Number of protein chains: 2
Amino acid sequence: MASSSYSNPPCAACKFLRRKCLPSCSFAPYFPPEEPTKFANVHKIFGASNVSKLLNEIPPHQREDAVNSLAYEAEARLKDPVYGCVGAISVLQRQVLHLQKELDATNADLMLYANNDAAHSYQVTSNSTLYNGEESNPGLILPYASPWNNSSSNDSKSM
Amino acid sequence: MASSSYSNPPCAACKFLRRKCLPSCSFAPYFPPEEPTKFANVHKIFGASNVSKLLNEIPPHQREDAVNSLAYEAEARLKDPVYGCVGAISVLQRQVLHLQKELDATNADLMLYANNDAAHSYQVTSNSTLYNGEESNPGLILPYASPWNNSSSNDSKSM
């Protein structure tokens with residue numbers, strides 16, 4: 001009876017690169033064979049070599065998140081070759097500013113009512129405090145500056 | 001008298017790559033010599049060859065924006081090797097959701113007051129309209145899904 005040895009299918013990276021997928025393959029944990037597009041996209045935008053170097057500089061327990069964020073960026077760049085996911089940052093930043101202004105205006109109206117009703121001892125809840133930019137953004141600490149002046153050419157960009 | 005010919009200094013890309021910067025250099029318009037870090041970062045994350053291919057697929061009038069967004073992404077990835085600028089998207093999306101909830105709550109309070117004051121014919125301004133998710137985000141059309149479930153591991157991430 002001939003013996004047969006079970007071998008894992010090659011990971012998506014090795015299949016794409018047409019190479020043998022060794023047990024020590026550094027891509028295999030993050031590029032399963034059933035997700036071929038993920039590696040294809042990352043390869044096209046970043047290159048296999050750059051991804052490998054990036055992963056080597058990251059602790060193992062964070063590599064999965066790193067690969068997923070690279071895959072997200074790559075997909076964004078393929079869908080929007082000019083702005084990639086930076087376009088989304090610009091849109092979201094404008095959205096945050098818009099919502100803050102709306103909230104400030106609404107809080108101002110609420111304060112008017114609250115002052116008028118002071119005689120009714122209506123307890124003003126925390127959401128009627130006038131927010132300044134910082135207080136309403138307790139979590140918004142971007143690690144780097146806004147990509148563009150928010151009144152930029154992005155306005156005509158369709159997303 | 002010996003003639004001298006003026007030659008432009010090499011662009012940042014050609015200087016980095018230690019090659020002659022020809023008049024036809026496709027990088028020169030976007031990587032001026034006084035910004036060496038811009039190309040160094042883009043080269044490290046994306047690679048010169050990938051950037052060149054990307055630019056070739058983009059109309060000339062949009063290449064400057066493309067290069068600047070690549071530079072932004074590269075810098076973000078170098079500062080945050082695990083999440084890059086996708087981390088900022090996650091933070092901003094949570095911020096938008098938070099602000100929307102605050103706005104909805106404040107508008108609800110305002111409606112209470114407005115109803116109570118209906119006899120005073122107080123004209124309710126547009127910002128007291130109860131927003132649903134879509135109305136308060138007229139511009140928020142992400143080209144792709146949120147990178148993560150918003151209750152993800154990012155919470156402990158410091159930015």
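**Buried charges and cores**

Colleague: Quick one: does Arg77(B) count as buried or exposed?

Modeller: Arg77(B) counts as buried, because its relative accessibility is 1%, where buried means under 20% relative accessible area, exposed means over 50% and partly exposed lies in between, with a 1.4 Å probe and protein chains only. This is a predicted model, in which local features need pLDDT of at least 70 and side-chain atom pairs count only at pLDDT 80 or more, while totals for chains, interfaces and linings use all residues. Residues are numbered from 1 along each chain as its sequence is written, chains are lettered from A and ligands numbered from 1 in the order in which they are written, and side-chain values use heavy atoms, with hydrogens and water left out.

Colleague: Which residue forms a salt bridge with Arg77(B)?

Modeller: Glu73(A) does, with the closest N and O atoms 2.8 Å apart; a salt bridge here is a side-chain nitrogen of Lys or Arg within 4 Å of a carboxyl oxygen of Asp or Glu. Glu73(A) lies in helix H4 of chain A and Arg77(B) in helix H4 of chain B, so the pair joins two chains. Helices (H or I, at least four residues) are DSSP runs, numbered from the N terminus. Glu73(A) also counts as buried, because its relative accessibility is 1%.

Colleague: And what do Arg77(A) and Glu73(B) do?

Modeller: Their side chains meet in a salt bridge at 2.8 Å, N to O, and this pair crosses between chains, from helix H4 of chain A to helix H4 of chain B. Both Arg77(A) and Glu73(B) are buried.

Colleague: How many salt bridges are there over all chains?

Modeller: There are four, and one of them is between Glu75(B) and Lys79(B), at 3.3 Å from N to O. Both of these residues lie in helix H4 of chain B, four residues apart, or about one turn of the helix. Glu75(B) is partly exposed at 34% relative accessibility, and Lys79(B) is partly exposed at 46%.

Colleague: Changing topic: how many residues has the largest nonpolar core?

Modeller: It has 48, and Phe27(A), Phe31(A), Phe46(A), Phe27(B), Phe31(B) and Phe46(B) have the most contacts inside it. A nonpolar core is a set of buried Ala, Val, Leu, Ile, Met, Phe, Trp, Tyr and Cys residues joined through side-chain atoms within 4.5 Å. Apart from this core lies another, of 20 residues, including Cys85(A) and Leu103(B).

Colleague: What does Phe27(B) touch?

Modeller: Leaving out residues up to four places away in sequence, Phe27(B) touches Cys11(B), Ala13(B), Arg19(B), Phe39(B), Ala48(B), Val51(B), Ser52(B) and Leu55(B), where contact means heavy atoms within 4.5 Å.
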